[in-house]
Amino acid sequence: MNKHLLAGALLAATLSAAPAARAQTPLNPVQPWGSWAILTAQLPGSAEHRWGGYVELQGRSNALARQFFYYELKGGVSFDIDPNFTVLVGGGRYSTSDYRALEDGPLNTEKRLWEQLVLTQYSKRLKLEHRYRIEQRWFSFRDDSTAFRQRIRYRLNGFFPLNKKTITTGTLFLSAYDEIFLNPSGPVFERNRIYGGVGYQFTKHFIAQLGYVNQANYNYTSRQGQFVLQNTAAKNNIVLALTYKLSHRAVPPGQERLPSQQD
């Protein structure tokens with residue numbers, strides 16, 4: 001198959017899935033569009049220096065740039081086994097509040113540890129990234145109760161540069177992904193996240209991306225034998241992601257590092 005046609009099919013399929021997700025939400029009342037703001041500092045690994053890492057701060061609001069209710073602070077250490085195979089161990093703190101009563105403190109806080117591996121595939125233009133992640137999650141709730149949960153995640157992320165064959169300085173690119181979240185304790189299918197957006201790499205350090213994400217949480221009903229959306233669980237969001245890449249390590253001319261979002 002022509003690589004350009006394959007890229008178009010991937011992006012079109014991902015973006016067309018969003019209306020389908022919205023169509024499956026009869027139990028959900030109408031919600032405002034939310035917004036996510038993501039700031040990331042990253043030190044990518046390379047063939048000469050295989051160790052890398054990142055730190056990230058993320059905030060979310062119930063409406064566009066208002067009604068703030070959630071933030072997360074996280075980071076990780078990575079190791080490049082080879083140019084197309086990276087492993088990472090990360091951890092973070094996540095806090096969820098009621099935007100109508102922020103002064104009351106968080107509804108819950110979460111401490112999370114995860115292990116992941118990322119496999120990448122390259123063609124002349126289309127780039128695919130497969131990310132596999134296992135998470136351990138410790139919750140503390142406002143009523144002083146606690147809980148422990150585990151989760152498995154898989155994300156297929158596609159990138160397609162528009163004005164160059166590789167994503168380097170001066171590249172305008174499209175990005176799309178679909179990620180599933182699985183709960184080993186059941187119900188197994190917990191969440192689906194669909195994203196589509198556009199990005200630009202201004203310099204070897206700075207990348208900006210603007211996109212749309214639909215995040216939907218699911219419950220399993222044994223009576224009907226199917227997965228259904230939880231009430232008020234599916235939501236559309238605008239995502240602004242800014243990434244600063246430390247690049248004191250030499251990068252061979254023409255070599256690209258995919259501008260993957262770390263969330």
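**Labels and their cut-offs**

Modeller: By class, 14 nonpolar, 13 polar and 10 charged residues make up the lining of the second largest pocket. Here Ala, Val, Leu, Ile, Met, Phe, Trp, Tyr, Cys and Pro count as nonpolar, Asp, Glu, Lys and Arg as charged, and the others, Gly among them, as polar. This is a predicted model, where local features need pLDDT of at least 70 and side-chain atom pairs count only at pLDDT 80 or more, while totals for chains, interfaces and linings use all residues. Residues are numbered from 1 along each chain as its sequence is written, and side-chain values use heavy atoms, with hydrogens and water left out.

Colleague: Which residues lie nearest the centre of the second largest pocket, and what is its volume?

Modeller: Gly45, Asp80, Pro83, Thr86 and Arg257 lie nearest the centre, out of 37 lining residues, and the volume is about 730 Å³. Strands 1, 2 (51-63), 3 (66-82), 4 (85-96), 5 (108-122) and 6 each give two or more residues to that lining. On a 1 Å grid over the protein atoms alone, a pocket is an open set of points with protein on both sides within 12 Å along at least five of seven lines, whereas a cavity is a set where a 1.4 Å probe fits but cannot get out; lining residues have an atom within 4 Å of a point. A volume is the space filled by probe spheres set on the points, which are joined across faces, edges and corners.

Colleague: How many cavities of 30 Å³ or more are there, and what lines the largest?

Modeller: There is 1 cavity of 30 Å³ or more, and the largest cavity holds about 50 Å³ of space. Its lining consists of Ile38, Thr40, Glu56, Ala241, Thr243, Ser260, Gln261, Gln262 and Asp263. Strand 1 (34-43) and strand 12 (235-245) give two or more residues each to this lining. Strands are DSSP runs (E, at least two residues), as helices are (H or I, at least four), numbered from the N terminus.

Colleague: Why is the pair Tyr132 and Tyr154 called tilted?

Modeller: Rings of Phe, Tyr and Trp (its six-membered ring) pair if their centres lie within 6.5 Å; planes under 30 degrees apart are stacked, over 60 edge-to-face, and the rest tilted. By this rule there are 10 aromatic pairs. The centres of Tyr132 and Tyr154 are 5.1 Å apart and the planes stand at 40°, so this pair is tilted. It links strand 6 (residues 127-141) with strand 7 (residues 146-161), the two residues being 22 apart.

Colleague: Why is Tyr132 called partly exposed?

Modeller: Buried means under 20% relative accessible area, exposed over 50%, and partly exposed in between (1.4 Å probe, protein chains only). Tyr132 has 37%, so the label is partly exposed. Tyr154, at 25%, is therefore partly exposed, and Lys164 has 30%, so partly exposed applies there as well. Lys164 lies in the loop between strand 7 and strand 8 (171-182).

Colleague: What makes Arg60 a charge over the ring of Trp36?

Modeller: The rule asks for NZ of Lys or CZ of Arg within 6 Å of the ring centre and within 35 degrees of the ring normal. Arg60 lies over the face of Trp36 at 3.8 Å from the ring centre, and Arg191 lies over Phe181 at 5.3 Å.
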